[in-house]
There are 2 protein chains.
Amino acid sequence: MHTAPPQPIRRMSLHQELVDRLQLLIINGDLTPGAKVPEKDLCARFDVSRTPMREALKVLASDGLVRLEPNRGAWVTTVTVGEVDEVFPVLGALEALSGELACKSITADEIATVRHLHEQMMVSYETRNLDSYFTLNQQIHRAILLAARNDTLTTSCQALSLRMQRARYLANMTEGRWAQAVQEHEDILKYLSDRDGKNLAKTLLGHMEAKRASVVHWLETQNPLPDAS
Amino acid sequence: MHTAPPQPIRRMSLHQELVDRLQLLIINGDLTPGAKVPEKDLCARFDVSRTPMREALKVLASDGLVRLEPNRGAWVTTVTVGEVDEVFPVLGALEALSGELACKSITADEIATVRHLHEQMMVSYETRNLDSYFTLNQQIHRAILLAARNDTLTTSCQALSLRMQRARYLANMTEGRWAQAVQEHEDILKYLSDRDGKNLAKTLLGHMEAKRASVVHWLETQNPLPDAS
DNA sequence: AATCTTAATTTTGAATTCAAAATTATGTCA
DNA sequence: TGACATAATTTTGAATTCAAAATTAAGATT
């Protein structure tokens with residue numbers, strides 16, 4: 001294990017800051033899925049005592065990012081095929097709703113912003129820059145979510161998205177799937193511009209289902225015997 | 001060598017037990033919405049120290065049942081019109097999904113169980129027993145949710161339902177709305193029996209929207225000036 | 001008496017402490 | 001050596017402690 005230099009943090013509440021930081025560590029893969037959460041190391045790393053760290057772990061556990069084993073500590077949960085098959089349909093339903101609501105409330109400026117993000121994403125696609133494509137992709141979905149003007153929806157979606165992002169290879173795609181995703185995004189932009197909620201919802205739902213299939217395929221080729229976490 | 005079978009019943013950790021207990025206190029109204037959470041009293045009541053109690057409060061805050069104010073403690077959140085307008089559409093989308101999935105997986109036995117619950121609920125309706133009607137209503141929705149075979153969906157739905165249940169008057173209905181709800185439930189049972197996912201989804205969505213309108217109406221007559229929590 | 005200061009008390013946030021459980025290390029014996 | 005038992009160490013869960021912030025009480029001034 002590595003001894004990183006202590007980087008003290010200061011914000012409204014220690015535990016909330018820790019929740020955010022640990023989420024980042026998990027989705028960045030600094031905390032490996034399936035591995036034990038090194039409570040002591042993390043306390044040293046952030047220069048906090050165990051109390052706020054353990055409070056944060058309880059919250060992360062209720063979000064499904066870690067699993068608490070009584071008297072044995074916390075473990076980073078792994079992304080399983082079963083979980084992907086569960087989460088993406090829910091995410092699909094929620095994103096479909098976000099599309100429908102967004103079409104009712106989105107401003108022209110916001111549509112322009114999405115279009116700009118979309119065009120940047122297309123450049124990333126042309127240059128096959130997967131990282132920036134993935135980031136812009138997330139920004140687009142988030143912009144639509146925000147346009148839906150429903151914080152509850154936003155929170156729910158983001159919690160589920162986070163769980164999926166533990167799989168670093170989530171963004172990996174075949175060339176064919178990538179081309180298909182790009183086409184879906186063309187449709188998304190079109191329907192959003194037209195404020196065609198019904199079709200936007202349908203497209204977002206299909207988009208999620210295709211992504212689910214893609215991720216499941218990836219997981220199954222990576223790990224032929226997926227089991228429960 | 002064979003290890004002993006995993007013991008299904010394991011003593012819950014203190015904080016998890018407290019999360020469950022506090023949830024009950026909140027939805028039962030023992031902890032009044034808008035009031036300060038009496039941390040010291042609760043610790044005394046459950047004979048635990050502040051550490052697990054505060055861990056539980058952090059989790060409840062992330063679920064939106066309490067609000068933490070830095071250096072000022074925890075407050076039970078109130079159900080506002082704004083929140084109802086946000087949560088019910090999300091709940092509607094999720095219940096619609098549960099209906100669609102349930103139609104694919106539900107067994108004949110499970111349908112029979114739902115039918116039995118439905119008939120009991122009808123008796124409660126005839127006798128105008130609101131409490132038992134409400135309980136059976138919840139059991140029916142839960143049975144459909146379980147038949148969808150998607151734990152993520154179940155967890156998400158239940159978290160949002162909990163937030164709405166803080167309003168004890170949630171179950172209150174006009175005679176007209178009650179009759180309408182009963183009719184909707186007749187349809188729900190019919191479509192579920194027919195395994196007609198599309199129509200079940202549509203009915204559940206409408207059911208939720210009608211419930212949202214009913215609850216909003218109730219809140220607005222109760223409190224003519226609803227404000228943010 | 002009403003308002004403003006300031007001191008006492010309570011409450012909160014977080015570190016520390018401590019017992020119990022789990023893990024690792026050590027020693028024994030076939 | 002290898003399986004088992006037992007002792008030492010570490011880790012965990014939760015109570016306690018302590019400083020800082022907030023709240024309440026008391027006193028001073030007008």
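Is Arg149(B) exposed, partly exposed or buried?

The structure is a predicted model in which local features need pLDDT of at least 70 and side-chain atom pairs count only at pLDDT 80 or more, while totals for chains, interfaces and linings use all residues. Residues are numbered from 1 along each chain as its sequence is written, and chains are lettered from A and ligands numbered from 1 in the order in which they are written.

**View 1. Relation of chains A and B.**

**View 2. Surface near DNA strand D.** DNA strand D is surrounded by 18 residues, where a residue is near a strand if its C-beta atom, placed from the backbone, lies within 6 Å of it. The closest are Gly73(A), Leu14(B), Ser49(B), Thr51(B) and Asn71(B). Two or more residues each come from α2 (39-46) and α3 (50-62) of chain A and from α1 (14-27) and α3 (50-62) of chain B; helices are DSSP runs of H or I with at least four residues, strands are runs of E with at least two, and both are numbered from the N terminus. The largest share, three residues, is that of α3(B). By type, this surface has four nonpolar, eight polar and six charged residues (Ala, Val, Leu, Ile, Met, Phe, Trp, Tyr, Cys and Pro count as nonpolar, Asp, Glu, Lys and Arg as charged, and the others, Gly among them, as polar).

**View 3. Surface near DNA strand C.** Around DNA strand C there are 19 residues, the closest being Leu14(A), Ser49(A), Thr51(A), Asn71(A) and Gly73(B). α3(A) gives the most to this surface, with three residues. The residues divide into five nonpolar, eight polar and six charged.

View 4. Strands β1(B) (residues 66-69) and β2(B) (residues 73-76) run antiparallel and are joined by four bridges; strands pair if DSSP finds at least two bridges between them. Glu69(B) has Gly73(B) as its bridge partner in β2(B). Three residues lie between the strands of this hairpin, and Asn71(B) in the turn has a positive phi of about 65 degrees. The covered face of β1(B) holds Val66(B) and Leu68(B), and the uncovered one Arg67(B) and Glu69(B).

**View 5. Two loop residues with positive phi.** Arg149(B) lies in the loop between α6 (130-147) and α7 (151-165) of chain B, and its phi is near 55 degrees, a positive value in a residue other than glycine. Arg149(B) is partly exposed, with 16 other C-beta atoms within 10 Å. Asp47(A), in the loop between α2 and α3 of chain A, also has a positive phi, near 55 degrees. Asp47(A) is exposed, with 11 other C-beta atoms within 10 Å. A residue is buried if 20 or more other C-beta atoms, placed from the backbone, lie within 10 Å of its own, exposed if 12 or fewer, and partly exposed in between.
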